[in-house]
Amino acid sequence: MTERTPAEGLSNLLTEQRRFAPSAEFAAAANYHADAYAAAAADRLGFWARQARRLDWETEWSEVLDWSQAPFAKWFVGGTLNAAVNCVDRHVLAGRGEKVAIHFEGEPGDSRSVTYAELAQLVAQAAHALTSLGVAPGDRVAIYLPMSIEAVVSMLACARVGAIHSVIFGGFSAQAIYDRVIDADASLVITADGGYRRGKVFALKPIVDEALAKSATNVAHVLVVKRGGNEIAWQDSRDLWWSDVMDQQPTVHQAQAFDAETPLFILYTSGTTGKPKGILHTTGGYLTQAAYTHNAAFDLKPETDVYWCTADIGWVTGHSYIVYGPLANGATQVIYEGTPDTPHQGRFWEIVEKYRVSLLYTAPTTIRTFMKWGEDIPARYDLSSLRVLGSVGEPINPEAWMWYRRVIGGERCPIVDTWWQTETGAMMISPLPGVSATKPGSATRALPGVSADVVDENGQSVPNGAGGLLVLTEPWPAMLRGLWRDEERFRETYWSRFAQQGFYFAGDGAKKDDDGDLWLLGRVDDVMNVSGHRISTTEVESALVSHPSVAEAAVVGANDPTTGQAIVAFVIVRGGVHANSAGDGSADSESGAALVAELRNHVAIQIGAIAKPRQIMIVTELPKTRSGKIMRRLLRDVAEDRAVGDVTTLADSSVMDLIAQGLATAKPED
Ligand code: PRX
């Protein structure tokens, strides 16, 4: 699977010693106390049953966990519930209908606040709309929307009628939409004409049109939310305006309860091969853990807190910590459509001040961007409402952690660095605010109820102070229930490495410090993490070689001060393509620069703009072992400007000199 050893991932041994104990004041009012860990460990399934009781069930389960068909888990066996009822209706029934569920902040400055009672009506109408369009339980609905109330409503409406949503991030290309629509065999697509980003309208519907024109699909209808006001093409037999369909529907909907293991959503994520994996989540266990962790990691006080997760709904963070966790908990939250620098670099802090945000959840790459912009910008705003600051998506470096704590948190807010994955569905490793002593760069330990460990190559637990591979040693309620229609890949990817022990292999390197706290050190496979987004090297390589000028490509994730990792590609052009007259491996000749620009766009067309390589090197050779395997480790050395490591297994060791020379003369692309 990989040639990157954990030792390499761990080469940067940690020496961080700072720690921050919770204040007595925070601890006194905290939702959790130190005894939570022992109580959960003493009766793990009893603990999860208590968490499940946060939800409203129509039928109680007969068994908490059935692991007899491992690695296919069944949680809360025989229990029935409706996820949308749990996220919306029950808060209204409990007399909290007038509480704001979502404050929507549009990028151009428009805003709209929706109460739980209003949300209930919208979800009811959307549920009727889905049914009227022929969507039945188990059908797949693709959602390709900007950050909006409608995105939340669409997801909840699917859940309400038992349909499976597959949300596709708005930055993905027509090809990526097509692949996902075909793989899941979706019958409906919900999109918008466009959305706002960096002061402009970006079109969404035309990209869906292009995707659906590629070949026949089973998509019967495209439901279009009006947002951008941009011109779009229209197919009368297929396309419908969201508002036209919604307006005809009753505002009350009788929801049906579904079995706890009813599929809730598919979310595609990158693996080590070119084909994205359709991660499958089900209802009862997922919602239980999303709600529990949102409450625990943020110390949520639903009556007074205002929560804001800056992720996009297209990623798992948006699913679990914008839609399902916060709404199941009856929280009031902010969602924001646009970018942090539109129309100015203080936009995030303006939003915190405007809504008195108390719980903030964002990504290290965003924090590093704010650091670059300077601390005088947040200093202009009143951030005194903030209480807990969360981080997710990639390892947070101690410098960014300290900046977040000091500049944004005024040295009073606990930082919760939360480790989890699309596959885990919800947070797994995180401090508990008010309980844990936090350390800059450490996610500390598994949350109560969760069992994680760091093991060596043989699956043996490593002692404190040592590093290895992160594993999850016991099943957890929000765990993926498989990959959509690909059982073999599910077993192979996560369960084969430590099959003997029955551990889930996360694909991350980690270290235990002397206290036994965990430090996540990044992926140990060929998955890159760019601004917290997972992109596989193979996926980008496949995109590059699909261009007629490219004979071969190798892609690596190189360290980047802002985005964590950045994509660097090494490309051999086909015979007859004159990419650079200099022939020294650089892309500085005119034709070389033009080809590099074209290839970057080609990757954006194939996958999406997030996968555009930062740098593309046109080379004449790639470093290969005698058996023909590309040695990405050496390319990473070059891309990160390090002395090239051991080249003895290379078929031709002069190749690296050639490549290194070329890189030194090539200019990074913007
Ligand atoms: O490498 C880990 C990194 O992100 C991967 C999961 O990516 P994805 O499925 O896209 O989900 C991201 C949001 C949950 C992990 O395998 N990762 C996530 N959170 C952290 C992290 N690495 C270090 N520290 C974290 N807090």
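Strand E4 (residues 100-105) is joined to strand E17 (residues 332-336) by 4 bridges, and the two run parallel. Strands here are DSSP runs of type E with at least two residues, helices are runs of H or I with at least four, and both are numbered from the N terminus. Two strands count as paired if DSSP finds at least two bridges between them. Within this pair, His 103 stands opposite Val 334 of E17. The model is a predicted one: local features need pLDDT of at least 70, side-chain atom pairs count only at pLDDT 80 or more, and totals for chains, interfaces and linings use all residues. Residues are numbered from 1 along each chain as its sequence is written, and side-chain values use heavy atoms, with hydrogens and water left out.

E4 and E17 belong to an open sheet of 7 strands with mixed pairing. The strand order is E5-E4-E17-E16-E18-E19-E20. Strand E5 (111-115) and strand E20 (415-418) are the edge strands, and each pairs on one side only. From one strand to the next, the twist averages 20 degrees. Axes are lines fitted to C-alpha atoms, for helices over the stretch in contact, and angles run from 0 to 180 degrees between N-to-C directions. Helix H13 (residues 347-355) packs on this sheet. The helix touches E4, E5, strand E16 (306-309), E17 and strand E18 (359-362). Contact means heavy atoms within 4.5 Å. The direction of H13 makes about 145 degrees with that of E4.

E18 has partners in E16 and E19. E16 and E18 run parallel and are joined by 3 bridges. Here Trp 308 has Leu 360 of E18 as its bridge partner. E18 also runs parallel to strand E19 (residues 388-392), with 4 bridges between them. Leu 360 is paired there with Leu 389 of E19. Both faces of E18 are covered. Leu 359 and Tyr 361 lie on one side, Leu 360 and Thr 362 on the other, and all are buried. Buried means under 20% relative accessible area, exposed over 50%, and partly exposed in between, for a 1.4 Å probe and protein chains only.

A further open sheet has 7 strands in the order E12-E11-E8-E6-E7-E14-E15, again with mixed pairing. Strand E12 (239-241) and strand E15 (277-282) stand at its edges. Each has a single partner strand, so one side of each is left without a neighbour in the sheet. Neighbouring strands are turned by 25 degrees against each other on average, direction ignored. Phe 265 has His 281 of E15 as its bridge partner.

Helix H11 (residues 284-298) packs against helix H12 (residues 316-328) at an angle of about 85 degrees. Their axes are 8 Å apart. H11 and H12 are therefore roughly perpendicular to each other; angles of 65 to 115 degrees get this label, those under 35 count as roughly parallel, those over 145 as roughly antiparallel, and the rest as oblique. The H11 side of the contact includes Tyr 286, Leu 287 and His 294. The H12 side includes Tyr 321, Tyr 324 and Pro 326. By class, the contact has 8 nonpolar, 5 polar and no charged residues. Nonpolar covers Ala, Val, Leu, Ile, Met, Phe, Trp, Tyr, Cys and Pro; charged covers Asp, Glu, Lys and Arg; the others, Gly among them, are polar.

Several loops carry backbone features. A cis peptide bond joins Ala 70 and Pro 71, with omega about 5 degrees. Pro 71 is in the loop between strand E1 (63-66) and strand E2 (74-77). The bond from Thr 342 to Pro 343 is also cis, with omega near 0 degrees. Pro 343 sits in the loop between E17 and H13. Asp 299, in the loop between H11 and E16, has a positive phi near 50 degrees. Its relative accessible area is 2%, so Asp 299 is buried. Thr 444 has a positive phi near 65 degrees. This residue lies in the loop between E20 and strand E21 (452-455). Thr 444 is buried, with a relative accessible area of 2%.

The count of disulfides, pairs of cysteine sulfur atoms within 2.5 Å, is 0. Cys 158 is in no disulfide; the nearest cysteine sulfur, that of Cys 87, is 13 Å away. Cys 158 is buried, at 0% relative accessibility. Cys 309 is in no disulfide either, and the nearest cysteine sulfur to it, that of Cys 87, is 15 Å away. Cys 309 is buried at 1%.
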